[in-house]
Amino acid sequence: MAEATVETTNTTESETLLEVNNLVKHFPIQKGFLKRTVGSVRAVDDVSFSVTQGKTLGLVGESGCGKTTTSRCILRAIDPTSGQILFRKEDGETVDVSTMPYQPLRDLRRDMQMIFQDPYGSLNPRMSLFDIVGEPLLVHGMKSSSERADRVAELLRLVGLRPEYMRRFPHAFSGGERQRIGIARALALNPRLVVADEPVSALDVSVQAQVINLLQEIQESLNLTYLFVAHDLSVVRHIADEVAVMYVGKIVELGDTEKIFANPKHPYTSALLSSVPIPDPSVRQDRIILQGEVANPANPPSGCYFHPRCEYATDQCKTEEPQLELIDEGRWVSCHRAKDLDLTGLSAKI
């Protein structure tokens, strides 16, 4: 398959680094002895967004909404069913990651790396830090052991670990330190895009703050671009410039972080924000309790996927699927009543 390219000119730091258009990932449902396909799970269902160079996009939603599947499709860890994943290379050329053959994609791995959720399961317990962090360097052509050792030492210092630790094994480190090792590994090849898949959800709260601050410092010093996958909205508000809210494989709201937190336009976003703890015992928190169950991605309801749980749903919501539309500057919402509703955000409570 030929590599799809789109020529670009006048490259600037404020340009879009990643653009996802109509991304779809369906997993087949197979039954019987012959494994006939009888349906599909719509894990990612027509998702579109873009990420600006040097900025952070937070991808949020309930567990199972398709956040991680979306991130893995972007890196081609799994192949998407359809859609475009356009990535701007350092020379200004834009390539479609979804259609790239193996060798060009392997070369592109330098520019796109991932930080995994589980700092315990993502590190090989039989490999030392030198082998773990230095493996990407070896795979991409750095054969000299001394050169790799120098680079690993530099990376360990960058993430706040001592270089003499490189001969130790993962079991000798705490959860926060292991995640720092994972970050060092992701940075080994000087990537331009880092996909962080819930990088602090498995850590203690005190350690979470340290890792988030580290990620921000590294982003500022290296001009990195983050796709930050999370379900903790407090963390997302702290680190993300823009937020995309997902529900059952679809993006329901996308825009500037502070605008969405202060004035959500989709009922699902408002319900998520109502669950964010407020660190003030004198403030009464009015939780929005959604009724019913999350829609089945293998058999989603007609119309808006959220309508069985939405108190504002109309007959149009039950029959006509809403499209992601621009309702004001930088704000995209998939809701028929987005312009009519006056929903509660966080600014009214804090």
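Student: Do strand 4 and strand 10 run parallel or antiparallel?

Tutor: In this predicted model, residues are numbered from 1 along each chain as its sequence is written, local features need pLDDT of at least 70, side-chain atom pairs count only at pLDDT 80 or more, and totals for chains, interfaces and linings use all residues. Side-chain values use heavy atoms, with hydrogens and water left out. Strands (E, at least two residues) and helices (H or I, at least four) are DSSP runs numbered from the N terminus, and two strands pair if DSSP finds at least two bridges between them. Four bridges join strand 4 to strand 10, and their sense is parallel.

Student: Which residue of strand 11 is the bridge partner of Val243?

Tutor: Val243 in strand 10 is already the bridge partner of Gly58. Strand 10 also pairs with strand 11 over six bridges in the antiparallel sense. In strand 11, Val243 has as its bridge partner Gly255.

Student: Which residue in the turn between strand 10 and strand 11 has a positive phi?

Tutor: The two strands form a hairpin with two residues between them. A positive phi of about 50 degrees belongs to one residue of that turn, Val248.

Student: How many of the six residues of strand 10 are buried?

Tutor: Buried stands for under 20% relative accessible area (over 50% is exposed, in between partly exposed; 1.4 Å probe, protein chains only). Strand 10 is largely enclosed by the rest of the structure, because its count of buried residues is five.

Student: Which strands stand at the edges of the sheet of eight strands?

Tutor: The sheet is open, with mixed pairing and the order 7-8-9-4-10-11-13-12. Each edge strand has a single partner, so one side of it is left without a neighbour in the sheet; these are strand 7 (112-115) and strand 12 (325-328).

Student: What angle does helix 9 make with strand 10?

Tutor: Axes are lines fitted to C-alpha atoms, for helices over the stretch in contact (heavy atoms within 4.5 Å), and angles run from 0 to 180 degrees between N-to-C directions. Helix 1 (residues 67-74) lies across strands 4, 7, 8, 9 and 10, running at about 150 degrees to strand 9. Helix 9 (residues 267-274) packs on the sheet, touching strand 10 and strand 11, and its direction relative to that of strand 10 is about 105 degrees.

Student: Is Tyr165 buried or exposed?

Tutor: Tyr165 lies in the loop between helix 4 and helix 5. Leaving aside neighbours within four places in sequence, Tyr165 is in contact with Leu129 and Phe173. Leu129 is among the buried residues of helix 3, whose cover includes helix 4 and helix 5. Because its relative accessibility is 15%, Tyr165 counts as buried.

Student: What distance separates the C-alpha atoms of Tyr165 and Lys250?

Tutor: Along the chain, Tyr165 and Lys250 are 85 residues apart. Their C-alpha atoms are separated by 43 Å.
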